[in-house]
Amino acid sequence: MNTKSFFTPLALAGVSATLIAGCATTGTNEKLEAARTEVNSAAANPDIVAKAPLEIKTAREALDRADRAQRGHEDREEVDHYAYLAQVRARTARDYAAARRATDELTETQREVDRLRLAARTREAEVARTQAAQSSQAASMARAEAAAANRDAAAERQKALQANLEAASAQERVLILQTVLNEIEARETERGLIVTLGDVLFETGRFELQPVAAPRLDKLAGFLNRFQEKRLIIEGYTDSVGSDQFNMELSRRRAEAVKAALVARGVDASRMTIGAYGKSFPVASNQTADGRQLNRRVEVVVSDENGNLKSRLSMR
Amino acid sequence: MTKPFVRAGFAIALLSLAACTTAPVSKEQMAVARKAVERAGGTPEVAQWAPIELDQARAKISQAEQAMNKMHYATARRLADEAEADARLAEAHAQAMKNQRAVAEVREALNSLREELARHPG
């Protein structure tokens, strides 16, 4: 046998067949089928296909390559190799998709966090504003309370003065009373102390107090405020001009005008009673203008030391 | 007269060998795989979140280089390709884990923020 006879076509075909048989695999490849399941599963997921298209493509290519190797009876190692690549790339596609999904979610969640934080900050600012408004309100209330306290303190001082005065001896009281009575030109009469407010206090037919009445009303109010226990009857009178009914009404109004003036000067209204006598009880002649002016008057009857008041009605 | 048959026989034999070994691994392919593994290994998150995949990639690239030295080119090519695929999977996996962890943290912050807002309604 020479060397040429060794390389006969038949012999070469035999070698070739042996080599092919060495590469070939038979039956199904479990690794390939596992890879196919994983690649198909990933490729069937639209989210993975959208987020990792390149990885899906390379996984499919590897799977196709593995199938071709299997069909072409290539080396088992080659089929397994491409099956492995297909499987790993399918997993890579899945993980890339998960990573990108997480990124999207992160962006979205972060945006929501930012939105809520902004809302919280806005609300905190509003709360702060409200608190500031409330504290300024509290401050103004505190100021009002302080002012009220000052007023109370003033009232307390006034009360203390009053108490001092009340504590003064009876003699002193009589002296003070006398002085004040002189000031307001009070007269001792059978009905008790009477202060006559005449002297152009009213015009004919009118009941508004003239400005000249003010100083005497001030003094009378001062006296009444000093002697809180004193009660009054305020009696209105008129001259004889006009009807009886008109004059009765006019006299009542005059008495009320004086009462209102005393109330305005701090005398409690409950201490005062109104009396209206019209043209009755004149103190002067209605025949002359001077006489009529004297008759247009208000008399204030002051209760005695026992607190008794004698109205003209009670005198009858 | 037998010469054409001889040639045909040679051709079949060569094709069969080629089918088995395919193209030998290129230096470029090895370099790409090596670079992918190094990049994955140099990323702290990969070492933290995908240590198994990373170890596998490293083992395969060094095995590929050993096969290369022994001139087992087919094995070297397969190992290099698998190492590269493993390295990319390790990166993707680590990225997914890291992002999901971040999402969980932000979600937690969002929940506590919501609770806080619910406790102090405006």
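Q: How many other C-beta atoms sit within 10 Å of Glu185(A)?
A: Glu185(A) has 15 other C-beta atoms within 10 Å, so this residue is partly exposed. Keep in mind that the model is predicted.

Q: Why does that number give partly exposed?
A: The cut-offs are 20 or more for buried and 12 or fewer for exposed, and a count of 15 falls in between, so Glu185(A) is partly exposed.

Q: Where in chain A does Glu185(A) lie?
A: In the loop between helix α7 (170-183) and strand β1 (186-189) of chain A.

Q: How far apart are Glu185(A) and Thr196(A), in sequence and in space?
A: They are 11 residues apart in sequence, and their C-alpha atoms are 7.8 Å apart in space.

Q: And what stands opposite Thr196(A) in β5(A)?
A: Glu299(A) does.

Q: OK, so tell me about β5(A). Where is it, and is it buried or exposed?
A: Strand β5 covers residues 298-302 of chain A. Of its 5 residues, 5 are buried, so the strand is largely enclosed by the rest of the structure.

Q: Which residues are on each side of it?
A: Val298(A), Val300(A) and Val302(A) are on one side, while Glu299(A) and Val301(A) are on the other. Both faces are covered, and the residues named are all buried.

Q: How many bridges join β2 to β5(A)?
A: There are 5 bridges between β2 (residues 192-197) of chain A and β5(A), and the two strands run antiparallel. One of the pairs is Ile194(A) with its bridge partner Val301(A) in β5(A).

Q: What about β3 and β5(A)?
A: β3 (residues 232-236) of chain A is joined to β5(A) by 5 bridges, with the strands antiparallel. Leu232(A) has Val302(A) in β5(A) as its bridge partner.

Q: In what order do the strands of the sheet come?
A: The order is β1-β2-β5-β3-β4 in chain A, 5 strands in an open sheet with mixed pairing. β1 and β4 of chain A stand at the edges with a single partner strand each, so one side of each has no neighbour in the sheet. From one strand to the next the twist averages 25 degrees.

Q: What packs on the sheet?
A: Helix α9 (residues 244-264) of chain A, which touches β2, β3, β4 and β5 of chain A. The direction of α9 makes about 160 degrees with that of β4(A).

Q: Where is His73(A)?
A: His73(A) is in the loop between α5 (53-71) and α6 (76-167) of chain A. It counts as partly exposed because it has 15 C-beta neighbours inside 10 Å.

Q: And Phe281(A), where is that?
A: In the loop between β4 (272-276) and α10 (289-295) of chain A. Phe281(A) has 12 other C-beta atoms within 10 Å, so it is exposed.

Q: What does the secondary structure of chain A come to?
A: 11 helices and 5 strands. Chain A has 316 residues, and 29% of them count as buried.

Q: Now chain B. At what angle do α4 and α5 cross?
A: Helix α4 (residues 51-69) and helix α5 (residues 73-119) of chain B cross at roughly 160 degrees, and their axes come within 8 Å. That makes α4(B) roughly antiparallel to α5(B). The crossing is left-handed.

Q: Which residues meet there?
A: From α4(B) they include Leu54(B), Ile61(B) and Met68(B), and from α5(B) they include Leu79(B), Asp86(B) and His93(B). By class, the contact has 13 nonpolar, 4 polar and 4 charged residues.

Notes:
Residues are numbered from 1 along each chain as its sequence is written. Chains are lettered from A and ligands numbered from 1 in the order in which they are written. This is a predicted model: local features need pLDDT of at least 70, side-chain atom pairs count only at pLDDT 80 or more; totals for chains, interfaces and linings use all residues. Helices (H or I, at least four residues) and strands (E, at least two) are DSSP runs, numbered from the N terminus. Axes are lines fitted to C-alpha atoms, for helices over the stretch in contact, and angles run from 0 to 180 degrees between N-to-C directions. Angles under 35 degrees count as roughly parallel, over 145 as roughly antiparallel, 65 to 115 as roughly perpendicular and the rest as oblique. A crossing is left-handed if the near helix is turned anticlockwise from the far one by less than a right angle, and right-handed if clockwise. Two residues are in contact if their C-beta atoms, placed from the backbone, lie within 7 Å. Ala, Val, Leu, Ile, Met, Phe, Trp, Tyr, Cys and Pro count as nonpolar, Asp, Glu, Lys and Arg as charged, and the others, Gly among them, as polar. Two strands pair if DSSP finds at least two bridges between them.
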